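Hi,

Here is the structure I promised to pass on. Have a look at it first, and then read on for what turned up.

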Amino acid sequence: MKKCLIPAPAVLGVLGGGQLGRYFVMAAHELGYQVWVLDPDPGSPAGLIADRHLCAEYDDGTALAELASGCAAVTTEFENVPADSLAVLAERVPVHPSAAAVSVCQDRIAEKTFLATHGLPHGPFAEIDSIEDLRAAPAHLFPGILKAARLGYDGKGQAVVDDRAAAEAAWLAFGSVRCILEAKLPLDYEISVVLARGQDGSVKAFPSAENRHYNGILDVSVVPVWQVDQNSVGVADDACEVAEKLAGCLGYVGTLGVEFFVSRGQLVVNEMAPRPHNSGHYTIDACATSQFQQQVRALCGMPLGDSRAHSAAVMVNLLGDLWFDKGIEREPDWAALLAIPGLCLHLYGKQTPRAGRKMGHYTVVGDDAQQVYERAMQARQILGLPDA
Ligand code: ADP
Ligand code: MG
């Protein structure tokens, strides 16, 4: 692919105005770029700090035309933007990642089929379009997890189904939409690889994170992964290799998150995110280049930065639940948290806390991985969260 070099102070566009978009705006500003954000929410975290907020739907023709004429290049922070919008933009302006790459990642069936086609490790699955498909699904997929093929995130649109009857009930409850049925794998642990791939095919992977989820939502990411078990270093190397191969097969340009399960010692890809990833937030405070700055660099055809971590890191998500005590709204004790050495607090500027809503995160960094972990757990205690 021909490199398209875009120097600052050009205007960059981003589809989506959530926290990932907000960090993209900050990273672009650091390098002297301006950013326009397209997001229908007037209070979107990225829209609030963008040079211009186009407050419209992702398929709004007028807004897309404005973005194409006003921006030197466009990216996305959100896999559920219509791939068609990216394709329309790409007729007029460079768009990374491509509509084709995003469309694979935004459909769980396309995603698993892609993994299978390219010989990449994945778990057993079946496509479910009808009750007949559920009746014909192989027995080894139970107990399983039924997931809507599109538009799910943070565990939404998913149900654990112990048997065929439960799967039928769940499928009807989802409104009979296209689904994927996956075998529920026994998980040793979960890791992720966040990498950036440039327009020249160069790749920089960040150190893998070990991820712990609560209620289907990422709770904690721990770096380096060797803390989880002795074999995890080798597993993490293999995961990097798989993620790099996957990015190459997708012809990917930008920052990509790849989630893995380690199940009975075997590494399998769970899913990919065509954007920076929550488990890569630690790179803001623990790496020379953040996952967001890599996204800017890749979009603008600039060399990718050093992806090594200069610190151990533990990242903890702050969900809206923390803003409530027995139903009464309160503000968490930030002063107590900020008194912990090495703790970096990030709040996204969201006005309304809600249960399960990602409001911010903190990352504890330092030289000593054990101490970093203890300090991250100490901060959880202050917030009233159980140890992870
Ligand atoms: P989301 O898009 O919501 O992140 P995921 O497919 O990653 O959806 O599922 C969220 C979490 O649910 C995973 O990180 C994992 O903890 C659990 N999970 C999902 N699929 C499976 C599976 N097939 N076997 C075991 N656990 C699973
Ligand atoms: Mg996931």
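A quick word on labels before anything else: helices (H or I, at least four residues) and strands (E, at least two) are DSSP runs, numbered from the N terminus. Please also keep in mind that this is a predicted model.

Let's start with Gly-13, which sits in strand E1. Is Gly-13 buried or exposed? Its relative accessible area is 0%, and the cut-off for buried is under 20%, so Gly-13 counts as buried. Leaving aside residues up to four places away in sequence, Gly-13 touches Trp-36, Leu-67, Cys-71, Ala-73, Val-74 and Thr-75. Ala-72 is 59 residues from Gly-13 along the chain, yet their C-alpha atoms are separated by 7.7 Å.

Now for the sheet around that glycine. E1 belongs to an open sheet of 4 strands, ordered E3-E2-E1-E4, with parallel pairing. At the edges are E3 (52-54) and E4 (73-76), each of which pairs on one side only. From one strand to the next, the twist averages 25°. E1 (residues 11-15) and E4 run parallel and are joined by 4 bridges; Leu-15 stands opposite Thr-76 of E4.

Two helices go with this sheet. H1 lies across E1, E2 (34-38) and E4, and runs at about 165° to E2. H11 also packs on the sheet, where it touches E1 and E4, and its direction makes about 145° with that of E4.

What angle do H1 and H11 make where they pack? For H1 (residues 19-30) and H11 (residues 291-299) the angle is about 65°, and their axes are 8 Å apart. The crossing is right-handed. On the H1 side, the contact is made by Leu-20, Tyr-23, Phe-24, Ala-27, Ala-28 and Glu-30. H11 brings Phe-292, Gln-293, Gln-295, Val-296 and Leu-299. Sorted by type, the residues of this contact come out as 8 nonpolar, 2 polar and 1 charged.

Not counting residues up to four places away in sequence, Thr-283 touches Phe-206, Thr-289, Ser-290 and Gln-291.

Next, strand E12 (residues 217-223). Of its 7 residues, 7 are buried, so E12 is largely enclosed by the rest of the structure.

Glu-259 counts as buried, with 14% relative accessibility.

Cheers

Conventions: Residues numbered from 1 in each chain as written. Chains lettered and ligands numbered in written order. Predicted model: local features only at pLDDT ≥ 70, side-chain atom pairs only at ≥ 80, totals over all residues. Heavy atoms only, no water. Axes fitted to C-alpha atoms, helices over the stretch in contact; angles between N-to-C directions. Left-handed = near helix turned anticlockwise from the far one by under 90°. Contact = heavy atoms within 4.5 Å. Nonpolar A, V, L, I, M, F, W, Y, C, P; charged D, E, K, R; others polar. Pairing = 2+ DSSP bridges. Buried < 20%, exposed > 50% of the residue type's maximum accessible area, 1.4 Å probe, protein only.
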